Amino acid sequence: KCICSAYFDNASRMKSMGEYLNMRTGMPCHMHPSSALYGMGVQPDYVIYHELVLTSKEYMMNVTAVDPYWLAELGPMFFSVKEGHETRAEKRRKQIAQKRKMEESVAAAEAERAAAQAAASAG
């Protein structure tokens, strides 16, 4: 937590295997092959790094795995934790379904209004 409180500006989350994104700048960076975390077989979802070294890629040096809740606790002005476990595709499907439902209810209300007007003008 101590390291996290000092280096929260250098927090990164995993984008894909071996690639991370800085959570504040969105800059892609990679774990350096000399890092102890690099060869573990399981890569942490969130890390803090001390410095970046530019060679063929932007590599993080002196990397430490952190808990994302620590980031939210120690840097609340920059980070928060989302509790939802939906993927973007699932969220998008729900939005599309909700929009379709709303459009159907509007169409039904318009049809009902038109029918009421037709009945009023006939009678």
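Which residues does Asp9 touch, not counting residues up to four places away in sequence? Asp9 touches Asn22 and Arg24, where contact means heavy atoms within 4.5 Å. Welcome to this structure, which is a predicted model: local features need pLDDT of at least 70, side-chain atom pairs count only at pLDDT 80 or more, and totals for chains, interfaces and linings use all residues. Residues are numbered from 1 along each chain as its sequence is written, and side-chain values use heavy atoms, with hydrogens and water left out. Five strands close into a barrel here, in the order β1-β2-β3-β5-β4.

**The barrel and its strands**

- Helices (H or I, at least four residues) and strands (E, at least two) are DSSP runs, numbered from the N terminus.
- Two strands pair if DSSP finds at least two bridges between them.
- The pairing in the five-stranded barrel is mixed.
- From one strand to the next, the twist averages 55°; axes are lines fitted to C-alpha atoms, for helices over the stretch in contact, and angles run from 0 to 180 degrees between N-to-C directions.

- Strands β1 (residues 11-16) and β2 run antiparallel and are joined by four bridges.
- The β1-β2 hairpin has two residues between its strands, and Gly18 in the turn has a positive phi of about 85°.

**Buried cores and cysteines**

- The largest nonpolar core has eight residues: Tyr20, Cys29, Met31, Leu37, Val47, Tyr49, Met60 and Val63.
- A nonpolar core is a set of buried Ala, Val, Leu, Ile, Met, Phe, Trp, Tyr and Cys residues joined through side-chain atoms within 4.5 Å.
- Strands β3, β4 and β5 (58-65) are the elements that give two or more residues to this core.
- Apart from this core lies another, of seven residues, among them Cys4, Phe8, Val66 and Phe79.
- Tyr49, leaving aside its neighbours within four places in sequence, is in contact with Tyr7, Asn10, Ser12, Asn22, Met60, Met61, Asn62 and Val63.
- Cys29 is buried because its relative accessible area is 0%, whereas Cys2 is exposed, at 64%; buried means under 20% relative accessible area, exposed over 50%, and partly exposed in between (1.4 Å probe, protein chains only).
- The structure holds zero disulfides, a disulfide being a pair of cysteine sulfur atoms within 2.5 Å.

**Residues in the loops**

- Asp9 has its place in the loop between α1 (2-7) and β1, and its relative accessible area of 40% makes Asp9 partly exposed.
- The side chains of Asp9 and Arg24 are joined by a polar contact of 2.8 Å.
- A polar contact is a pair of N or O atoms within 3.5 Å; within protein, one must be able to donate a hydrogen and the other to accept it, and residues adjacent in sequence count only if both atoms are side-chain atoms.
- Asp9 and His50 are 41 residues apart in sequence and 9.9 Å apart in space, C-alpha to C-alpha.
- Ser35 lies in the loop between β3 and β4 (46-54) and is buried, with a relative accessible area of 16%.
- A polar atom of the Ser35 side chain lies 3.2 Å from the backbone nitrogen of Leu37.
- Phe78 sits in the loop between α2 (68-74) and α3 (88-122), and is partly exposed, with a relative accessible area of 39%.
- Leaving aside neighbours within four places in sequence, Phe78 is in contact with Phe8 and Arg24.

**Asn62 in β5**

- Asn62 lies in strand β5 and has a positive phi of about 55° although it is not a glycine.
- The C-alpha atoms of Asn62 and Phe78 are separated by 22 Å, and these two residues are 16 residues apart along the chain.
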